[in-house]
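These are my notes from going through one model, entry by entry.

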Amino acid sequence: MRTFDFAVGQTNPETFPIERVQEAAKTAIAKEYAQITTYPGKLGHAGLRAVMAKRESEREGVSVSAEELTLLNGSMQAVTLTAEALTQPGDTVICEEVTYSGTIGAYRSLEIDMVGMPVDEDGMRVDLLEAKLDELGEARKPKFIYALTTYQNPTGTNLSLERRHKLIEIAASRDIPIVEDNCYGDVHYDGEKPRSLYALSDYENIIYMCSLSKILAPGMRLGYIYAQPKLLETILARRHDGGGNYLAAAVVAELYKHDVWSLTDELNESLKVKKNLVVDGIRDEGEGICVSSNPSGGLFVWVRFPDDVDQEKLAQLTSERGFFYASGANFHIHSKQIPYLRLAFGHVPDDDIRDGIPVLIQCLREARTSNERPHFSTLFD
Ligand SMILES: Cc1ncc(COP(=O)(O)O)c(C=O)c1O
């Protein structure tokens, strides 16, 4: 059976730069074979740290020191180490009410009490944050605020500039660290890239994390964390893995030796085509049944459908027809069944997007339990 697999956020195998990575690997191994025979230490490959610090500096327009940036096994390791270092079981953390499922899983296993903020087209509802913090009081004062500020997973929203400033102001005034997960930061399609929180202020309690998974390949397992030295030290005290994969880091440092942007821009072009195919497909086929986001970056389209869709039936119909997606409940911090689903398009061949979206829409129509007109017209109604 033909399948349409929109379930997991991965990059496009068709555009993986095979020859360039092969060349880089050949050179890196010849140059660095001796270092590869040793343990890499806590900070990781100095060359790749320098390249990533340069990429941050160029994107954000501020100076980022390679000394305050540590390579990790993907940004997921940054998520986990930070939570381990800053919380005890039962502690409270603020996050978006719908957020990355991997983070939800990690926080649950650390027995963190997640308190969710709603999300709208401008990202986290920071306008409700002070009231939420007052309500929690000293007893449940959050150990940090975890924020997906840019191309939020799953909604694709960007935290507006005004809310970015407000978030920093509130966190700083109450002495609450912010954990900014910018996993998708360079998977960019349109408009200006939103600026990261650390570039907008000198608040010292911002822990920033980023990844190469989404702009190159998750199998590289390369991400990094950037924070002030004392905070970084506290987080890295939890690290007991002998350091990250030095070989992968050496290859990628070689690949990006001259610049990171030309390859990134090239890969983003084909991702943008895919994103547009999903968004246009839903707009053209989904009239009266669903609406979607149109993200300016990232790997996901977030789809709102009528409340009366029977989600079990939807899952059954779609899987019978070979269509796979991630249901909204996966991203809700309390696994609430919400009338949304997420489509990950990065690795899906263009033809599968063209042919797959109508399959999904037909399943949505068949899974409805009434004929009433849906009461929403936008994604967050
Ligand atoms: C928001 C977010 N953070 C972190 C990760 C982890 O990615 P990685 O460990 O591959 O960098 C993901 C992966 O999907 C993600 O969506």
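**Entry 1**

I located P154 in the loop between strand 7 and helix 6 (161–174). The model is predicted, so I note that local features here need pLDDT of at least 70. I checked the peptide bond between N153 and P154 and found it cis, with omega about 20°. In the loop between strand 7 and helix 6 I also looked up Y151. Phi of Y151 is near 50°, which is a positive value in a residue other than glycine. I wrote both down because most residues other than glycine have a negative phi, and most peptide bonds are trans.

Strand 7 (residues 145–147) and strand 8 (residues 178–181) run parallel and are joined by 3 bridges. Opposite I145 I found I178 in strand 8.

I counted 2 bridges between strand 14 and strand 15 (residues 340–344), which run antiparallel. For S327, the bridge partner in strand 15 is L341.

**Entry 1: helix 10 and helix 12**

For the helix pairs I recorded angle and distance, since two packed helices are described by the angle between their axes and the distance between the axes. Helix 10 (residues 261–285) packs with helix 12 (residues 350–366) at an angle of about 30°, with their axes 9 Å apart. Angles under 35 degrees count as roughly parallel, and that makes helix 10 roughly parallel to helix 12. The crossing of the two is right-handed.

On the helix 10 side, the contact is made by V273, K274, L277, V278, G281, I282 and E285. On the helix 12 side I listed D350, I353, R354, I357, P358 and I361. Sorted by class, the contact of helix 10 with helix 12 has 8 nonpolar, 1 polar and 4 charged residues.

**Entry 2: helix 11 and helix 12**

I stayed with helix 12 and turned to helix 11 (residues 311–320). The axes of helix 11 and helix 12 come within 9 Å and cross at roughly 145°. This crossing of helix 11 and helix 12 is right-handed. From helix 11, I found L314, L317 and T318 meeting L360, C363, L364 and E366 in helix 12. The residues of this contact divide into 5 nonpolar, 1 polar and 1 charged.

**Entry 3: helix 2 and helix 9**

Are helix 2 and helix 9 parallel or oblique to each other? Helix 2 (residues 46–60) and helix 9 (residues 246–255) pack at an angle of about 50°, with their axes 8 Å apart. Helix 2 and helix 9 are therefore oblique to each other. I noted the crossing of helix 2 and helix 9 as left-handed. In the contact, G47, L48 and V51 of helix 2 meet A249, V252 and A253 of helix 9. By class, the contact of helix 2 with helix 9 has 5 nonpolar residues, 1 polar residue and no charged residues.

**Entry 4: the ligand shell**

Last, I asked how many residues surround the ligand. There are 15, and the closest are G74, S75, M76, S211 and S213. Helix 3 (residues 74–86) gives the largest share of the shell around the ligand, 4 residues. By class, I recorded 6 nonpolar, 8 polar and 1 charged residues in the shell around the ligand.

Conventions
Residues are numbered from 1 along each chain as its sequence is written. This is a predicted model: local features need pLDDT of at least 70, side-chain atom pairs count only at pLDDT 80 or more; totals for chains, interfaces and linings use all residues. Two strands pair if DSSP finds at least two bridges between them. Axes are lines fitted to C-alpha atoms, for helices over the stretch in contact, and angles run from 0 to 180 degrees between N-to-C directions. Angles under 35 degrees count as roughly parallel, over 145 as roughly antiparallel, 65 to 115 as roughly perpendicular and the rest as oblique. A crossing is left-handed if the near helix is turned anticlockwise from the far one by less than a right angle, and right-handed if clockwise. Two residues are in contact if their C-beta atoms, placed from the backbone, lie within 7 Å. Ala, Val, Leu, Ile, Met, Phe, Trp, Tyr, Cys and Pro count as nonpolar, Asp, Glu, Lys and Arg as charged, and the others, Gly among them, as polar. A residue is near a molecule or strand if its C-beta atom, placed from the backbone, lies within 6 Å of it.
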